[in-house]
Amino acid sequence: MAGKIAGEVVIVTGASSGIGAATVQELAKRGARLVLAARRADELTQMVEGITGNGGEALAVPTDVSDQAQLAQLVERAQAAYGRIDALVNNAGIGSGKALAQADIATIQRTLDVNLVAPILLTRLVLPGMLERKHGRIISVASVAAHVATEPMYSATKFGVRGFTVSLNRQLRGSGVTASVVSPGYIRTPLTAGRTMRMPGPEIIARAIASLIERPRREVIAPGYYRLPIWAEEIVPWLLDRALPRNR
Ligand SMILES: NC(=O)c1ccc[n+]([C@@H]2O[C@H](COP(=O)([O-])OP(=O)(O)OC[C@H]3O[C@@H](n4cnc5c(N)ncnc54)[C@H](OP(=O)(O)O)[C@@H]3O)[C@@H](O)[C@H]2O)c1
């Protein structure tokens, strides 16, 4: 598939909002056949109507990614509709704002399930078909928080998803299937609605995801200026110990 997206079958999780919705629009513009997954069925249906109204192909599969049976059903419905899956964008994710000492166990478990377990299980479900066809792209949306430790639960899941994806890419070398990470900094979406700083819109990440499907690389950090805090975490972590807000 190097160099082209037109006609490729792509599953996007977290498609109902923010980065996932922007990715769906970007890939639809480039002619992908899309499978939209998230819990909010109405949003997905509306997006599918928009795409098919413009002559594109898309399917809405309402899915709670923390439910294993629904993940299996998502893959089955994509296969039934399009016969194969060429790319998976593991994008669905939730924040975990509270200090760990105040977080309830159910929220901790949910953060792990949505942000980390779901991308691993969904990748496991689509991988055999991709390996058989020697053709596939796994793209996982991590975060700058996968490099710079910020909130314990969020960073735990994002470090995890990044480690999973980078090592999977090594395991898959030479197979025709690749795994890539996108690590966004702060992006203007409902997830960051409470923040007052200036942020780029989700289109910048959508374009990074599309470019990784066309030309796979290990990782894209976007916007690029977030390389500075990532570098600082590696070289002078004590500086970030002082600079980052405490939240006990
Ligand atoms: N925005 C940022 O600054 C930023 C920075 C770094 C990384 N990220 C990552 O980027 C990804 C997308 O975030 P966003 O900023 O676009 O946030 P968002 O606008 O809140 O979108 C999150 C998406 O995830 C879906 N989702 C949440 N729980 C789900 C579940 N149990 N099952 C299925 N779908 C679920 C939501 O859909 P439903 O509610 O319809 O289920 C929604 O489509 C996340 O992984 C996030 O961690 C974001």
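Trainee: What makes up the shell around the ligand, by class?
Mentor: The shell has 14 nonpolar, 13 polar and 3 charged residues. Here Ala, Val, Leu, Ile, Met, Phe, Trp, Tyr, Cys and Pro count as nonpolar, Asp, Glu, Lys and Arg as charged, and the others, Gly among them, as polar. Keep in mind that this is a predicted model, where local features need pLDDT of at least 70 and side-chain atom pairs count only at pLDDT 80 or more, while totals for chains, interfaces and linings use all residues. Residue numbers start from 1 along each chain as its sequence is written.

Trainee: How many residues surround the ligand, and which are the closest?
Mentor: There are 30, and the closest are Gly-14, Gly-18, Arg-39, Arg-40 and Gly-93. A residue is near a molecule or strand if its C-beta atom, placed from the backbone, lies within 6 Å of it. Helix α1 (residues 18-29) gives the most to this shell, with 3 residues.

Trainee: Why is the unit of β2, helix α2 and β3 called right-handed?
Mentor: With the strands pointing away from the viewer, the path from the first strand over the helix to the second runs clockwise in a right-handed crossover. β2, helix α2 (residues 41-53) and β3 make a β-α-β unit of that hand.

Trainee: Why is Leu-112 called partly exposed?
Mentor: Count the other C-beta atoms within 10 Å of its own, all placed from the backbone: 20 or more is buried, 12 or fewer is exposed, and in between is partly exposed. Leu-112, in helix α4 (residues 105-133), has 17, so it's partly exposed.

Trainee: And what makes Lys-134 exposed?
Mentor: Lys-134 has 10 C-beta neighbours inside 10 Å, so it counts as exposed. You'll find Lys-134 in the loop between α4 and β5 (136-141). Its phi is near 50°, a positive value in a residue other than glycine.

Trainee: Which residues does Lys-134 touch?
Mentor: Leaving out residues up to four places away in sequence, Lys-134 touches Ser-175 and Gly-176. In contact means that the two C-beta atoms, placed from the backbone, lie within 7 Å. On the same terms, Leu-112 touches Val-117 and Thr-157.

Trainee: How do you know that the protein agrees with a compact globule?
Mentor: The globule rule is 2.2 Å times the number of residues to the power 0.38, and the radius of gyration is taken over C-alpha atoms. For 248 residues the rule gives a value near 18 Å, and the protein has 18 Å, so the two agree. Buried residues make up 42% of the 248.

Notes. Helix = DSSP H or I, 4+ residues; strand = E, 2+ residues; numbered from the N terminus.
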